[in-house]
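Dear colleague,

Please find the structure below, handed over for your records.

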Amino acid sequence: MFGTIKNLYTHRRLLREFVVRDLKARYVGSSMGFFWSVIFPLLNLAVYFFVFRLIMEVRFGDKMSPEASAMWMLAGITVWTAFAETISRSTNCLVENGNLIQKVVFPSEVLPAFLTVSSLINMMIGIPLVLLGVGFFIWRGDTAGFAEIQTASLAAFDGQILDPGPDRTLRWGISMVCLPLLMLSQGIFTLGLGYFLSTLNLFLRDTYHLVGVLVVFWMFGTPIFYPVQLVEQARGGQFAFILDINPMHWLIESYREVLLFGGWPPLHFIGPFLLVAILTFGVGATFFRSQKDRFPDLL
């Protein structure tokens with residue numbers, strides 16, 4: 001694990017060049033460029049909002065307006081899109097860049113890393129959209145809807161933090177200092193999975209296709225488009241364990257607490273997530289480096 005970190009630091013300039021190239025290549029020839037980073041989450045939001053809120057009439061609470069529930073969904077979509085994109089691209093990155101690995105002495109650790117960093121930067125472009133939406137609700141003094149969808153697990157937070165006014169706005173602004181921590185922990189977790197899956201894909205090429213299916217299952221098993229209470233109440237709580245073993249649920253709820261409610265990431269969410277992220281990175285990086293010498297033959 002530490003060898004991987006050292007190698008990434010040694011080749012930090014190459015990593016930066018790959019990130020810049022990837023960000024430019026995303027929208028090459030596009031008239032709107034990086035603005036697609038804002039449009040894409042909105043298009044996803046429109047589809048899922050139409051299905052879950054308007055057609056299936058999923059209720060987030062008696063006081064929850066459609067606009068507030070849309071912002072709640074958007075916060076989850078923004079984080080999940082970056083995660084899912086990185087996992088999908090990282091799984092096949094060694095195969096796609098086989099010419100670099102086979103012909104030159106190339107630091108292959110850079111490949112999953114630059115995809116992770118690129119997706120996080122892309123996510124940073126979409127986060128202000130969430131903040132603008134929440135800022136509009138604060139300015140309008142309409143925060144009751146947000147208060148109603150705070151899960152029971154976040155009930156320990158002082159309800160006054162949801163009150164409109166200068167104090168609420170100040171606390172909301174201060175809580176933004178937690179975003180770097182959340183993004184760093186997300187990057188560690190995602191990169192660890194990327195190292196593991198990209199290596200596994202060289203031994204079992206079906207991994208890339210399996211990951212595509214598993215990501216869809218994982219997405220619908222995470223409360224992004226529906227409230228947490230539906231899972232906790234379904235069939236007498238038989239499916240509540242899904243939330244207990246889902247790291248992305250912990251991460252997304254932590255983001256929501258910061259972005260929507262102006263609070264601090266709950267320790268019972270962000271603490272376990274950090275531990276899982278470090279463990280995942282350690283396992284993934286170790287597996288990656290242990291097989292690195294075999295990459296040219298496997299390709």
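At 1% relative accessibility, Arg-256 counts as buried (buried means under 20% relative accessible area, exposed over 50%, and partly exposed in between, with a 1.4 Å probe and protein chains only). Because they stand three residues apart in helix 14 (residues 247-259), about one helical turn separates Arg-256 from Glu-253. Helices here are DSSP runs (H or I, at least four residues), numbered from the N terminus.

Some notes on provenance are in order. This is a predicted model, in which local features need pLDDT of at least 70 and side-chain atom pairs count only at pLDDT 80 or more, while totals for chains, interfaces and linings use all residues. Residues are numbered from 1 along each chain as its sequence is written, and side-chain values use heavy atoms, with hydrogens and water left out.

A search of the whole structure returns four salt bridges. One of them joins the side chains of Arg-89 and Asp-22 at 2.6 Å, N to O. This pair links distant parts of the chain, with Arg-89 in helix 4 (residues 66-91) and Asp-22 in helix 2 (residues 12-26), 67 residues apart. Arg-89 is partly exposed at a relative accessible area of 30%, whereas Asp-22 is buried at 9%.

Another salt bridge brings together the side chains of Glu-109 and Arg-289 (3.1 Å, N to O). Here too distant parts of the chain are linked: Glu-109 lies in the loop between helix 6 (98-103) and helix 7 (110-140), and Arg-289 in helix 15 (residues 267-291), 180 residues apart. Glu-109 is buried at 0% relative accessibility, while Arg-289 is partly exposed at 37%.

Finally, which residues does Thr-91 contact, leaving aside its neighbours within four places in sequence? They are Leu-197, Ser-198, Asn-201, Thr-207, Tyr-208 and Val-211, where contact means heavy atoms within 4.5 Å. Thr-91 is found in helix 4 and counts as buried at 0% relative accessibility. A polar atom of the Thr-91 side chain lies 2.7 Å from the backbone oxygen of Ile-87.

With kind regards

Terms used. Helices (H or I, at least four residues) and strands (E, at least two) are DSSP runs, numbered from the N terminus. A polar contact is a pair of N or O atoms within 3.5 Å; within protein, one must be able to donate a hydrogen and the other to accept it, and residues adjacent in sequence count only if both atoms are side-chain atoms.
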